[in-house]
Amino acid sequence: MKSILLPFLQFDENKHDRVVPPSGFTAQLSLLTSGAMAFLAVFAMALSFATGRLADQWGSELARASTVRISAPDDQVAAQTQAALDVLRTTPGIAFAEALSDEDERALLEPWFGPSLPIENLPLPVLIEVRETAEGYDAEGLRLRLAGEVPGAVLDDHSRWRLPLVKAADRLRILGLLSLVLIAAVTAGMITLAANAALAANGQVVRVLRLVGSTDTYIARAFVRRFTVRGFTGAVVGTFFGVVAISLLPDANVEGGFLTGLGFQGAQWLWPCIIPLLAAIVAYGATRVAATQALRRLM
């Protein structure tokens, strides 16, 4: 990893930063840390966006879809199905109600049992697909009406499936955001250690600079500027490789489900651009605190 990243992480020091000698391994440490953390941040951001889309999709698709299941003796199935359709089509808030054909039920069961399922030999209940309007319908009132007019009908409004799925997706989104916070904290910690090591290694140089008239603010600014540029440079490279890796993931599709939707869509591809800026801000703040404290210890 180090041999791959370092050729991309070379940059010229600003002439004002040369008041302190090169920082040796601390330079490589800050570059590699910011690059690796930016790479992980891209995936955490992609996870957050993907789970957000998933929660919205599950919430919108399942919220307005319901199913009526009819289990009755063979000689009553047709009559109860028609009675249930009559009830549904006269219920306020229902926009569509249609019984599924054998081909539709086969398509629903095929992902679980394969294409060779002998559905005609199985005692499957009749399923009626229900789509509600934007205003919705009274689920409890409809259940009571079905119980009185169609004894074999059971209404499933999918709430027991939808709510846990949406909750799980929301928690994954929060986990992605929390991962970004932890990545920023780890980056700040590693750059702080690198800055402290650089200042400690150049303690004699700092004392000489003070003797020739340099102020602590000027010296600290040199260290802060150097580590900020390194944090930004490493994050740019890490973000680039992270975006490339995300772009190579499979596109979202129905067969693949959630595992093929872990990516960015549309304008979301611009969001990783803020990662190097955030890395520079984190590096600036961490180095400034470290430099201030280290220079006080060198008094």
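Before you start, note that the model is predicted, with local features needing pLDDT of at least 70, side-chain atom pairs counting only at pLDDT 80 or more, and totals for chains, interfaces and linings using all residues. Residues are numbered from 1 along each chain as its sequence is written, and side-chain values use heavy atoms, leaving out hydrogens and water.

**Stop 1**

Helices (H or I, at least four residues) and strands (E, at least two) are DSSP runs, numbered from the N terminus. Together the four strands form an open sheet in the order 2-3-1-4, with antiparallel pairing; two strands pair if DSSP finds at least two bridges between them. On average, neighbouring strands are turned by 20 degrees against each other, direction ignored.

Now walk across the sheet. Strand 3 then pairs with strand 1 over six bridges; look for A65 opposite R131. Strand 1 meets strand 4 over four bridges, with R69 opposite V154.

**Stop 1: helix 3 and its partner**

Axes are lines fitted to C-alpha atoms, for helices over the stretch in contact, and angles run from 0 to 180 degrees between N-to-C directions. Helix 3 passes helix 5 in a right-handed crossing, where the near helix is turned clockwise from the far one by less than a right angle.

Show side chains for A84, V87 and L88 of helix 3, and for L142, R145, L146 and E149 of helix 5: these make the contact (heavy atoms within 4.5 Å). By class, five are nonpolar, none polar and two charged. Here Ala, Val, Leu, Ile, Met, Phe, Trp, Tyr, Cys and Pro count as nonpolar, Asp, Glu, Lys and Arg as charged, and the others, Gly among them, as polar.

**Stop 2: helices 8 and 9**

Next, select residues 216-247 for helix 8 and 274-297 for helix 9. Their axes come within 8 Å and cross at roughly 150 degrees, so this pair is also roughly antiparallel. The crossing is right-handed. Among the contact residues are F223, F227 and F232 in helix 8, and A280, Y284 and R288 in helix 9. The contact divides into 17 nonpolar, four polar and two charged residues.

**Stop 3: a ring pair**

Which ring pairs with F49? Zoom in on W271: the two ring centres are 5.9 Å apart and the planes lie at 50 degrees, so the pair is tilted. Rings of Phe, Tyr and Trp (its six-membered ring) pair if their centres lie within 6.5 Å, with planes under 30 degrees apart stacked, over 60 edge-to-face and the rest tilted. F49 lies in helix 2 (residues 25-63) and W271 in the loop between helix 8 and helix 9, so the pair ties together parts that are 222 residues apart in sequence.

Definitions and conventions
Parallel < 35°, antiparallel > 145°, perpendicular 65-115°, else oblique.
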